[in-house]
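Hi there,

Here is the structure I promised to pass on. Have a look at it first, and my notes follow below.

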Amino acid sequence: MSDVSGKPCILCCAITGSVPRTSDNPAVPITVTQQVESSHAAVEAGATIIHAHVRNDDESPSSDPERFAALKEGLEKHCPGVVIQFSTGGRSGAGKARGGMLSLRPDMASLSVGSNNFPSRVYENPPDLVDWLAVEMTTYGITPEVEAFDLSHILQAIAKHDAGVLPGQLYVQFVMGVKNAMPADKAVFDFYVNTMQERVPNANWCAAGIGANQIVVNEWAIAAGGHTRAGLEDNIRLDRDTLAPSNAALIARAADLCAKYDRPVATIAQTREILGLRPA
């Protein structure tokens, strides 16, 4: 039995993202109907947070508030109580368009608090845009999930939360394995965890790995007492030769790791309590 035994683990499912297409894996859900169906299966496998992007009909990324509204309505109907987390990521739009859906009042929204390199571009998150997104989230009662691609992003999140800029409880996700950003490195991961525990011991954290690193980082996070994210946004394969058949299959792998470390998969009610969200 590990020292994290019995601690509920929140499983977040990143269902679509902005990059993978059906030509990469036919299971990637593109339309709102596909996204709702894929989310429902993932929730049955243990996911309690749905991290959502939307796409145009040609599969290109979108920030269209009407598509987000339709997705939110579908999730509320078919996945009652699930925590809905909209992406404000920079691959889906530019400037304030990235937050144009926040008036829909999802439970959570992703928030990147600093810039970094991505595989073929700079992922720009200028301070004025970060502050504007934070104000919008405060206005609409949305808890941010800070997506940290670098140590500086973790420290910035802590500073902003201490200053009262970020609403709700502090929740930081370590994103590891993006090419040209932070690799999936166990020593770095351990340092991240220690940084959170020493500086903000009452805060919660999560970790996500990209590509083949997904299952690796899932296990690191679960074993260390944190929460974790899986899904087709970050990884389209079960192994080098096998495409993942669904988002649910990737969540099920993480749930199996929870069992390995004697950690119950958090229920929707537990997830909302842990993160300080309004009850379902």
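The buried residues of α1 are Gln35, Val36, Ser38, Ser39 and Ala42, where buried means under 20% relative accessible area, exposed over 50% and partly exposed in between (1.4 Å probe, protein chains only). Their cover includes β1 (11-14), β2 (49-52), β3 (54-55), α2 (65-78) and α7. Helices (H or I, at least four residues) and strands (E, at least two) are DSSP runs, numbered from the N terminus. Helix α1 spans residues 32-45 and reaches 20 Å from its first C-alpha to its last, close to the 20 Å expected at 1.5 Å a residue (the expected span is 1.5 Å times one less than the number of residues). After α1 comes Gly46, with a positive phi near 130°.

Before going further: this is a predicted model, in which local features need pLDDT of at least 70 and side-chain atom pairs count only at pLDDT 80 or more, while totals for chains, interfaces and linings use all residues. Residues are numbered from 1 along each chain as its sequence is written, and side-chain values use heavy atoms, with hydrogens and water left out.

Now the nonpolar cores, meaning sets of buried Ala, Val, Leu, Ile, Met, Phe, Trp, Tyr and Cys residues joined through side-chain atoms within 4.5 Å. The largest has 64 residues, and Ile154, Leu170, Val172, Phe174, Phe189, Met196 and Trp205 have the most contacts inside it. Helix α7 (residues 247-260) gives the most to this core, with 6 residues. Apart from this core lies another, of 10 residues, including Cys12 and Cys206. Not counting residues up to four places away in sequence, Phe189 touches Phe174, Met176, Trp205, Ala207, Trp220, Ala221 and Ala224; contact means heavy atoms within 4.5 Å.

A pocket here is an open set of points on a 1 Å grid over the protein atoms alone, where a 1.4 Å probe fits, with protein on both sides within 12 Å along at least five of seven lines; lining residues have an atom within 4 Å of a point. Of its 37 lining residues, the closest to the centre are Ile210, Gly211, Glu233, Asp234 and Asn235. The largest share of the lining, 3 residues, comes from β13.

Finally, Gln270 sits in helix α8 (residues 268-274) and counts as partly exposed because its relative accessibility is 30%. Gln270 and Pro8 are 262 residues apart in sequence but 7.7 Å apart in space, C-alpha to C-alpha.

Best wishes
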